[in-house]
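Colleague: I would like a close look at a single part of this model, followed by how that part sits in the rest of the chain. Please keep the account plain.

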Amino acid sequence: MIAEALIVSAILFSIGVVGVLTRRNAIILFMCAELMLNAVNLSFVAFAKMHGVTGHVFVIMVMTIAAAEAAVGLAVIIAVFRHFGTVDLASLRSLRG
Amino acid sequence: MTSALDGTIAEFGWLLPLLPLLGALINGFIALAPRLRTAGGQGTVAQREAVADASHLTTKGIVSIVGTGVLLLAFGLTIAIFAAMRGVGLEQPFVRTYASWMPVGSLVVDWGIQLDQLSILMALVITGVGTLIHLFSIGYMKADPGYARYFAYLNLFVAFMLVLVLGSSYPVLFVGWEGVGLCSYLLIGFWFSERANADAGKKAFVVNRIGDFGFLVAMFLIWATVGKLDFVGAHGALAGMSGSAVVVSIALFLFLGCAGKSAQLPLYVWLPDAMAGPTPVSALIHAATMVTAGVYLVARASPVFAGAPEASLVVAIVGAITAFFAATIALRQWDIKKVLAYSTVSQLGYMFVAVGTGAYAAGVFHLVTHAFFKALLFLGAGSVIHALHHAYHHSGRHDDAQDLRNMGGLARYMPATAVAMAIGTLAIVGIPPLSGFFSKDEILSATFARASSSPLGTTSLLGIPGDVLLYVVYALGLVTALLTAVYMTRMLVLAFAGENRTGAGEQSALHEAPAVMTAPVIVLALLALVGGWLNLPALIPLGPVGVLEHWLEPVVGTSARRLAGSTPLAHETEWVLVAVAVATAMAGIGYAAMQFRKPIQDKEHSRADTGFAGVLSNAYGVDAAIDAAVVRPVNVLAGGVLARGIDVGVDRTFSATGRLLARTASFIGSRVQDGDVGKYAWLVAAGALAMLAAFTLR
C-alpha cells in the first residue's frame with residue numbers, strides 16, 4: 001500500500017521538477033512548484049499511517065505555507081506582468097552579472 | 001599556628017595598607033571629579049571669584065587632611081602593633097591569610113600579611129617618615145594645579161609599599177614591588193607635560209623590568225624547588241638545601257631584582273633621572289623607602305642568602321663597587337638633587353655591603369638612619385629649590401633653581417634649613433655621635449671582621465679568595481666614606497656658604513620655607529641626630545647597646561650567625577677602625593671646606609667642566625653609552641626591521657591576498673547571478689541531486 005503511494009508521489013514530484021526546469025511561463029512554473037509540494041504532502045500522509053500523527057501535522061503546515069506562498073507568488077507575477085508586459089522568464093534578463 | 005599576638009591589635013594589621021589606599025581613592029576621586037562649580041550669574045565677578053577660590057581652598061584642605069591623615073592613622077596603628085609586639089616578645093612571625101589568590105593545583109598563593117620585627121620596623125619607617133613628607137608636601141605642592149592627583153599617587157605609593165613589607169609571601173611582596181614601581185613612574189613623570197620628565201618615568205619603568213625579570217625567575221626557581229612561595233614555608237624548606245647550586249641561583253636572581261629596585265650597578269641609571277619628580281617624592285620614594293626595598297628583600301630572604309655564601313659575596317662586592325662608583329660621580333654634579341641622588345645610590349651600596357656580609361641588622365640599621373638623614377637632606381634641598389623657584393618667579397627671570405652655582409650664602413636667608421642640612425650632612429658623612437656614624441661604622445667593622453674570620457672569608461669567587469675580596473670591599477667602603485665627606489661638604493658649602501649667586505634682583509625674595517615645610521625638616525634633623533641610639537655598638541655604650549640588633553634577632557639572627565666569624569674583633573682593632581673611619585670623614589670635610597670656599601661663577605657664566613671633571617659631571621657617559629649600545633639599536637630594529645619590514649610587509653601581503661580573493665569571488669558570483677530563473681532552477685536541482693548523491697553514496 002505504502003509503496004504505491006510513494007511511487008505516485010515520486011511520479012508527481014518528477015513531473016513538477018521537469019516542469020520547473022523546462023517551462024518558461026512563470027504561471028506554469030508556479031503550478032509545477034505546487035505540484036512538487038503536494039507530491040511531498042502525499043508521501044507525508046503515506047508515512048503518517050506508519051509513524052503516527054506527525055506526518056499530518058507537516059501536511060497542514062505545508063498547505064498553510066503554500067497558500068501564503070501562492071498569494072505572494074501570484075502578486076509578484078502580476079507585478080512582473082504589469083511592468084514588463086510578459087511572464088516569459090527567458091525574456092526577463094535585465095540583471096546582467 | 002598560634003602566635004603570641006593572637007587577639008591583639010595586630011589582628012588589624014590588614015588595615016595598614018588599606019588606610020592609605022582609602023586616602024588614594026578619595027583623593028583620586030577629588031582629582032578626577034570636575035572642579036566644583038559655583039552658582040554663576042549672581043554678584044560681581046570679584047565675588048564669584050572669591051567663592052570659587054574658597055571652594056578651591058576647601059578642596060585643597062580636604063585633600064591635605066585626607067592625604068596626611070590616613071598616613072598619621074597608619075602610623076598610629078603601626079606604633080600600637082609595635083607596642084603589642086614588644087609587649088609579648090614575639091618569637092615566631094604573626095601570619096594571617098585573608099583570601100585565596102591563586103589556588104592552581106599544587107601552587108597555592110594566599111593574600112596574607114606577615115607581622116614580625118623586620119616588617120613592623122619597615123612599616124614604622126614608611127608611615128613615620130611618610131607622614132613627615134606628606135606634611136612637607138602640603139607646603140611644597142601648594143601652588144600646583146595637580147594637588148589632589150599628587151596626594152592620590154603619594155597615598156597609593158604608601159599603600160603598595162606597606163603591601164611590599166607586610167606581604168607574607170613572595171608573590172604578595174611582588175604585588176607591592178610592582179605597585180611602588182608604578183607609583184614611582186607616575187610621580188617621576190608627575191609634570192609630564194615636559195617631555196624629559198615623562199621620559200625619565202619611562203626609563204625608571206623599563207630599567208626596573210630587567211630587575212623584575214630576575215625576581216620572577218627567582219620565584220619560579222623557589223616554587224620549582226620547594227613548591228612553596230610563602231616566606232615561612234619556603235625559607236624553612238630552602239634552609240635544608242644550603243650551598244646547593246639552586247639556592248645560589250635563587251639568591252643571585254633575587255639580587256638582580258634588588259639591583260633594579262635599589263639602583264645598584266649596572267641598573268642604577270634610572271635613579272638620577274628619577275629626580276625629575278617633585279622633591280618630596282625623591283625624599284620619600286627615591287631615598288627613604290622604595291629604593292631600600294631591595295635591602296629589605298635581602299634581609300627578608302636572609303635564610304636563602306646565608307645558604308649561598310658566594311651569592312652573598314656578590315651582593316657585598318656589587319654594593320661596594322656601586323658605593324664607590326656613585327660617590328665619584330656625586331663629586332662633580334651641579335644639580336643639588338643629582339648630588340643627593342648619586343649619594344643615595346652610594347649609600348644603598350653600603351646597605352648591600354652590610355646585608356651581603358651577613359650583617360643584616362647593620363644593613364637595616366643603615367636603612368633606617370639613611371631614611372632619616374636622606375629624607376632630611378632631600379626635604380632641605382626641596383626648601384632651597386622652593387625658595388629659589390619663588391625668587392626667580394618673583395623677578396620673572398628663568399634660571400635653574402636646582403643648580404648649586406645659582407645658590408651660595410643661603411644660610412643667611414634660610415637659617416633653619418641651613419642648620420638642618422648641616423646636621424644631615426654630618427650624619428651622612430659619619431661624624432660621631434650622629435646617626436650615620438654608628439650605622440656606617442657598624443657596616444665597615446662588620447666587613448672587616450668577616451674578612452678576618454668567617455665562612456665568607458673561606459669561600460672564593462672566580463678563584464679569588466673571599467677574605468681578599470672582603471678587604472677590598474672594606475677599602476672601597478672607606479674610600480667611599482672619604483668621597484661622601486667631600487661631595488656632601490661641597491654641596492653644603494656651595495649652597496649655604498660664601499656669597500649669594502642667585503642674582504641681585506632675586507636676593508630680596510629669598511626667604512625661609514613656611515612652617516609646614518620646616519617642621520618636618522626639624523623633626524627629621526632630630527631623628528638624624530639621635531638615630532644612632534637605636535643600635536649603639538658595645539664599644540661605645542652611651543645607652544642600651546644593640547637595641548635594633550636584639551629586636552631583629554628572631555628574624556635574621558640565625559642567618560647572621562651562619563655568615564659571621566667565630567672570633568669577634570678585639571676591642572683595640574675596633575677602636576682603630578672607628579678612628580680610621582672618623583679621621584677619613586674629617587679629612588674629607590676639611591679638604592672640601594678648603595677647596596670649595598673659593599668663589600665661583602653662577603651657572604650662566606660658568607664654563608662646562610673639562611677633562612676628568614667633565615667625565616664625572618657627565619656621569620662617565622654611561623647614559624650615552626647605553627643609548628648607543630641598547631636604545632638606538634632597539635629603535636632601529638623596532639622602527640626599521642620590525643615595523644617597516646615585518647609589520648608593514650606582512651600587512652601588505654595579507655591585504656593583497658584578501659583583495660585578490662574578494663575580486664575573484666565577486667567575478668564568479670556576478671557571472672552566475674544573471675537573472676536567468678531557469679538557470680537558477682537548474683542549479684538548485686543540480687545542488688539537490690549532488691546532496692542526495694553525497695548522502696546516499698557515502
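How many residues does the contact take from chain B and how many from chain A?

Modeller: The model is a predicted one. The contact takes 12 residues from chain B and 12 residues from chain A. On the side of chain B that touches chain A, the elements giving two or more residues are α24 and α25 (677-696) of chain B. The largest share of that side comes from α25(B), with 5 residues. Sorted by class, the side of chain B that touches chain A has 5 nonpolar, 4 polar and 3 charged residues.

Next, the chain that carries this side. Chain B holds 25 helices and 4 strands, and its C-alpha trace spans about 115 × 75 × 60 Å along its principal axes. Of the 698 residues in chain B, 51% are buried. Among contacts in chain B with a separation of 6 or more, 81% are between residues 24 or more positions apart.

In soluble globular proteins, nonpolar side chains tend to be buried together. The largest nonpolar core here has 229 residues, and those touching the most other members are Phe157(B), Leu254(B), Ala375(B), Leu376(B) and Leu524(B). Helix α15 (residues 360-395) of chain B gives the most to this core, namely 22 residues. Leaving out residues up to four places away in sequence, Ala375(B) touches Val129(B), Ile133(B), Ala283(B), Ala287(B), Ala288(B) and Leu524(B). A second, separate core of 8 residues includes Val20(A), Leu29(A) and Cys32(A) together with Ala681(B).

One helix pair in chain B can be described in more detail. Helix α11 (residues 293-300) and helix α14 (residues 336-356) of chain B pack at an angle of about 5°, and their axes are 10 Å apart. Angles under 35 degrees count as roughly parallel, so α11(B) and α14(B) are roughly parallel to each other. From α11(B), the contact is made by Val295(B), Val298(B) and Ala299(B); from α14(B), by Leu348(B), Met351(B), Phe352(B) and Val355(B). By class, this contact has 7 nonpolar, no polar and no charged residues.

Gly621(B) lies in the loop between α23 (611-617) and α24 (622-672) of chain B. Gly621(B) counts as exposed because it has 12 C-beta neighbours inside 10 Å. From Gly621(B) to Thr447(B) the separation is 174 residues in sequence and 31 Å in space, C-alpha to C-alpha.

Notes: Residues numbered from 1 in each chain as written. Chains lettered and ligands numbered in written order. Predicted model: local features only at pLDDT ≥ 70, side-chain atom pairs only at ≥ 80, totals over all residues. Buried ≥ 20, exposed ≤ 12 C-beta atoms within 10 Å, placed from the backbone. Core = buried A, V, L, I, M, F, W, Y, C linked by C-beta atoms within 7 Å. Contact = placed C-beta atoms within 7 Å. Nonpolar A, V, L, I, M, F, W, Y, C, P; charged D, E, K, R; others polar. Axes fitted to C-alpha atoms, helices over the stretch in contact; angles between N-to-C directions. Parallel < 35°, antiparallel > 145°, perpendicular 65-115°, else oblique.
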